[in-house]
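Here is a request for a short briefing on a model of protein and DNA. Please look over the sequence and the structure before reading on.

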Number of protein chains: 2
Amino acid sequence: MKKAPTIRDVAAAAGVSVSVVSRVLNPDSGPVAPAKREQVLSVISDLGYRPRAAARELSAGHALTVGLVVTDLANPFFAQLADRVVWEARSHGVQVVVMTTQEDPHLEAESLDTLLDRSVGGVIATPTGGNIEKWDRLRDLGVNVVFVDRAIAELGDVDVVSIENSDSARRATDHLIALGHERIGLVTGPASTSTGRSRIGGYRAALESASIDIDPILVRDVPFRGDGGGDAVGSLLALPEPPTGLIVANTAQVQSSVRRLVQMGVRIPDDLSVIVFDDNPWTELTSPPLSVIRQPIGMLAVHSLELVLGRMQGRLPAGARTIEVKADFVPRSSCAAPARSATSKSATR
Amino acid sequence: MKKAPTIRDVAAAAGVSVSVVSRVLNPDSGPVAPAKREQVLSVISDLGYRPRAAARELSAGHALTVGLVVTDLANPFFAQLADRVVWEARSHGVQVVVMTTQEDPHLEAESLDTLLDRSVGGVIATPTGGNIEKWDRLRDLGVNVVFVDRAIAELGDVDVVSIENSDSARRATDHLIALGHERIGLVTGPASTSTGRSRIGGYRAALESASIDIDPILVRDVPFRGDGGGDAVGSLLALPEPPTGLIVANTAQVQSSVRRLVQMGVRIPDDLSVIVFDDNPWTELTSPPLSVIRQPIGMLAVHSLELVLGRMQGRLPAGARTIEVKADFVPRSSCAAPARSATSKSATR
DNA sequence: TTGTACGCGTTATCAT
DNA sequence: ATGATAACGCGTACAA
């Protein structure tokens, strides 16, 4: 087991001082005679020398690393987000340390501490909603924070990247309304999150525009973890007046919701029209293929990283930025006009 | 923007020397008077002091970090693997730096260099197959390497964790044979990988045991990236004598394969019996639900991390270890006896 | 039991 | 244009 060469080894082998080697490595830090530069470079590649990140960080005070804090990577949404963040980051020469919270503020707090220890230059996170003061402290210590997918109301002046939640939910609802649905179920994330609230808002706005009464019992905000989606779907369909249309707007609950529909033998779209918020390609492999609101995860990742890196390099004006990217509605075969018998009000017609 | 307190600040505030603080932090490194210990701890929590990882690493020579090198996180197999690795690692106080290779040896090489710079204590990787000398150098520099899911023949003396590839493929094949299938298509990973070879081996072994002739044209080894799966399926079904059963044993190709089947309107299991190697829950949401070989990804992750950490702490005997975990066969509704008209040999019966 | 002083590898400052 | 040297923050022999 050899020992990796240090900058001193290079300097010695090249017959120069460490300063010269350092300047060769960081061109902007000072001049080097072309001759020596070549010589040093040659020795570097000869010895296979590489600067140790730890030493750099110690000296610089911060690392060329960003933390990515998400619920868990088993959720395709976060998996794809992570994939793009890692990929995008690499092209900028920065590494990504991934941490998962399971939506538990306590684990989140731990993660933040750890990232602080590592002096990461920035953090991209889907916050649980807790740890307000911790997030503040992090920012106060010079760590650039970007929230993705969700925001925290109590925390102002933070960059946020998300999809147009309200608009997306509204478009999905509009689509069902246009088909003639009046009782539309909504399964979404906790109302304690900005995302959940916005989507409920979009849903209500669509119904109001169509002068359809809003029945609160049709709106179910379920936790991100667990399979509350399936249960919500079950209880919605067990209603005296069940919905004829369903929107699953919590990506973490799509699988359990669809599974429940399959188990119950619900015929789609005959018994129920369905639209889900999508991050997974399999939505077109079911029968029928599901109409989806497609989230542009790549865009979320790119913008998030753009913001963190921009801040890290100080090439961004002060003041929080909020970026909302548009989500596409992809119509497939899971939506149709409601069965007349199910539409109570027009049953007499 | 404040500055984080250092060990010196703590020492000063507590009226002791830095070494006392250090010993409080690392209990095994020396004795501390109970009184002072309490005092120091109180100051630490007061100031919110946390040791800087960079300084530790620099001094220790290696970081409490492991690198995870996989193809990409968009593949549910790797996403779940990463999820478990990150989770498992956290409980041991180690962080995970994720890097993706897109199956490109060049990108892999870059990743290894980067991980080397970071002095990671270990690397868990699904190797592309190239960079033999680079892997060797890494190990030579004291980085503990564990290959997961695949091995590299040219690289001996490396820990490997994988599923029982040969056995799994054999069981899937046996299942179809038992149903009466004689022409069974196999879509698997590149024959240049240990995984691909083993699965082909299991497939052949099953056929040989049943005295069924092996038709090489039924075996398609396709790259991990891209959607070669769909094309392979298309060409298999376009054969003069198409298979009546199909095994998709390359998880990266399952989606494109199934998509193609759906597009072609193939009736499962009437026209074709299908078994896929599974990492995604949606395989039971298709119609019919697919019979799968379920890979115990959690076990792969746990064992991999166990090995790396064990080596890092030097509490593992020398000598490479190979761990194979059993995969379950989960029968669902995508397999049936072949249609008699399709079975050429018994058509006369 | 406690404190001092040095090393870890790099960058930045300041002479030369 | 180059070189010596002092940080950066922590661990740790070694001395007291």
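This is a predicted model: local features need pLDDT of at least 70, side-chain atom pairs count only at pLDDT 80 or more; totals for chains, interfaces and linings use all residues.

Residues are numbered from 1 along each chain as its sequence is written, while chains are lettered from A and ligands numbered from 1 in the order in which they are written.

**Confidence**

- In residues 342–349 of chain A the pLDDT is below 50. Beyond near neighbours in sequence, this stretch has five contacts in the model, a contact being heavy atoms within 4.5 Å.

**Domains and annotation**

- Chain A is assigned domain 1 (1–51) and domain 2 (165–294 + 330–347). Such bounds come from an automatic or database domain assignment.
- The centres of domain 1 and domain 2 of chain A, taken over C-alpha atoms, are 62 Å apart.
- An unreviewed UniProt entry lists residues 5–60 of chain A as "domain: HTH lacI-type". UniProt positions follow the numbering used here, feature names are shortened, and annotations may be inferred rather than shown by experiment.
- Residues 5–60 of chain A are 68% helix and 0% strand, with 21 Å between the end C-alpha atoms. Helices (H or I, at least four residues) and strands (E, at least two) are DSSP runs, numbered from the N terminus.

**DNA strand C**

- Around DNA strand C there are 24 residues, each with a heavy atom within 4 Å of the strand. The closest are Ile7(A), Tyr49(A), Arg56(A), Ser19(B) and Ala33(B).
- Of the atoms of DNA strand C within 4 Å of the protein, 63% are sugar and phosphate.
- A polar side-chain atom of Arg8(A) sits 3.5 Å from a base nitrogen of DNA strand C.
- A polar backbone atom of Arg52(A) is 3.1 Å from a phosphate oxygen of DNA strand C.
- For Ser59(A), a polar side-chain atom is 3.1 Å from a sugar or linking oxygen of DNA strand C.
- Two or more residues of this surface come from each of α1 (7–14), α2 (18–25) and α4 (53–60) of chain A, and from α2 (18–25) and α4 (53–60) of chain B.

**DNA strand D**

- DNA strand D has 24 residues around it, with Ser19(A), Ala33(A), Ile7(B), Tyr49(B) and Arg56(B) nearest.
- Sugar or phosphate supplies 59% of the atoms of DNA strand D within 4 Å of the protein, and bases the rest.
- A polar backbone atom of Ala33(A) lies 2.7 Å from a phosphate oxygen of DNA strand D.
- Ser22(B) places a polar side-chain atom 3.5 Å from a phosphate oxygen of DNA strand D.
- A side-chain N or O atom of Ser59(B) is 3.3 Å from a sugar or linking oxygen of DNA strand D.

**Backbone details**

- Most residues other than glycine have a negative phi, and most peptide bonds are trans.
- The bond from Ile268(A) to Pro269(A) is cis, with omega near 5 degrees. Pro269(A) is in the loop between α11 (254–264) and β9 (273–278) of chain A.
- Ser287(B) and Pro288(B) are also joined by a cis peptide bond, with omega about 0 degrees.
- Gln102(A), not a glycine, has a positive phi of about 55 degrees.

How values were computed:
Side-chain values use heavy atoms; hydrogens and water are left out. A polar contact is a pair of N or O atoms within 3.5 Å; within protein, one must be able to donate a hydrogen and the other to accept it, and residues adjacent in sequence count only if both atoms are side-chain atoms. pLDDT is the predictor's confidence in each residue, from 0 to 100.
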